[in-house]
Amino acid sequence: MKIVQIEDFFHPNAGYQINILSKYFVRHGHEVTIVTACAERMPQQLADFFGVENIAGYDREYTQTTGVQIIRLPVYGFVSGRAIFTGELRKTVDRLQPDVLFAHDNDTASAMQFIAQLGHLPYAFVTDSHMLAMASVNRFNKLFHGFYRLVMAPKLKKYAIPVIRTQDDPYVERVLGVPLRQAPWISFGSDTLLFHPDAQAKQAFRARNGIPADAFVILYAGKLDEAKGGKLLAEALGPALHSERPVVCLVVGNTSGPYGQEVEALFSASQNRILRFPTQRYVDLAPFYQAADLAVFPKQCSLSFYDVQACGLPVLSEDNNINKDRNAHGNGLCFAAGDAEDLRSKIQTFLDMPAQTYRQMAQCACQFIADAYDYEDKAREYEQILQDACAAYKAAQTAR
């Protein structure tokens, strides 16, 4: 298939779903192009986190490594985190003549302009949903939801467009009015070509960074802003953690602004040993995961969950409905959301855990990914939906 994907924000060094799926699509023999916004107009928060100074070089490297083509287009700007493309978006997609257009995030302005044209597009169309009710906090969300149910959902239903759910959650039906029968769930997963246990990598990383071989290493990697609970993490790691083994905390990620200064001050005042590292490229994260013993996610539901699990790390995350399900397989624990004291208490639980219990949890983490969350398999599931959409589109054209 010739697959064109549109994505408001794409950075080749990120570990988002589109980065990994696209790589596997090409490995499986498809031609893939990503159409996205120019780097100059990216939201400042994302630009600061990932870095855009050498975006053209990163794009070239990603294309050389994966075979995925990247086209960046002008945008008027971003509104509520959504790109407002110029008319070049539709012209570019039409010029590429895809078999199927895959619009990531069904509720973006870019996706909705194609949904509005369903019945007149010269290619098959598929979209997906990454939103959950807990994350839909815009003050105008009720107005938008009403608009979507009234205008967009009928189009999607009329042409039986798949809206792939990335979470096993009824948000698309309950809030947006898209029936679950046309909203298959395909979970996120891990790129196990990169992420897997590696004892030699673990030993080498610890030796390079002066970490004792017998230390218990606690890892956080990601944004350190309020949305991801940067201060909550720093507060939890403040008082001394106790263990017969040395305790070392790896904190990977950049901070910015006054909030970031508060986070860094708390880290500096911690009674625990904290090693700080800047934000890493997705392809460079594996050694950090392989060197650790526990991964902590202080807030929300990070995609990195699957990658740390693939490396054999039990996970500690807040007790929202998604994380409760993720950690229900002997592979992790939850703490009371927003409670730094409970977060610290649960970290101490891992430090006090018998060695055999910990090993079983680490084994469950690896098995959890192997059983159902390897992107090699996830990509095949997406490809089947894209192929079915192409077949349905051709059949509809023939019937006309």
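Cysteine 249 counts as buried in this predicted model, with a relative accessibility of 1%. Cysteine 249 takes part in no disulfide, since the nearest cysteine sulfur, which belongs to cysteine 311, lies 19 Å away, whereas a disulfide requires a pair of cysteine sulfur atoms within 2.5 Å. The count of disulfides comes to 0. Cysteine 38 also counts as buried, at a relative accessibility of 14%, because the cut-off for that class is under 20% relative accessible area.

Serine 190 sits in the loop that runs between α7 (171-174) and α8 (199-208), and this serine is buried, with a relative accessible area of 0%. The side chain of serine 190 forms a polar contact of 2.8 Å with the side chain of aspartate 307.

Phenylalanine 147 belongs to helix α6, which comprises residues 141-158, and is partly exposed, with a relative accessible area of 35%.

The accessibility values of these residues are set out below.

| Residue | Relative accessible area | Class |
|---|---|---|
| Serine 190 | 0% | buried |
| Cysteine 249 | 1% | buried |
| Cysteine 38 | 14% | buried |
| Phenylalanine 147 | 35% | partly exposed |

Definitions and conventions. Residues are numbered from 1 along each chain as its sequence is written. This is a predicted model: local features need pLDDT of at least 70, side-chain atom pairs count only at pLDDT 80 or more; totals for chains, interfaces and linings use all residues. Side-chain values use heavy atoms; hydrogens and water are left out. Helices (H or I, at least four residues) and strands (E, at least two) are DSSP runs, numbered from the N terminus. Buried means under 20% relative accessible area, exposed over 50%, partly exposed in between (1.4 Å probe, protein chains only). A polar contact is a pair of N or O atoms within 3.5 Å; within protein, one must be able to donate a hydrogen and the other to accept it, and residues adjacent in sequence count only if both atoms are side-chain atoms.
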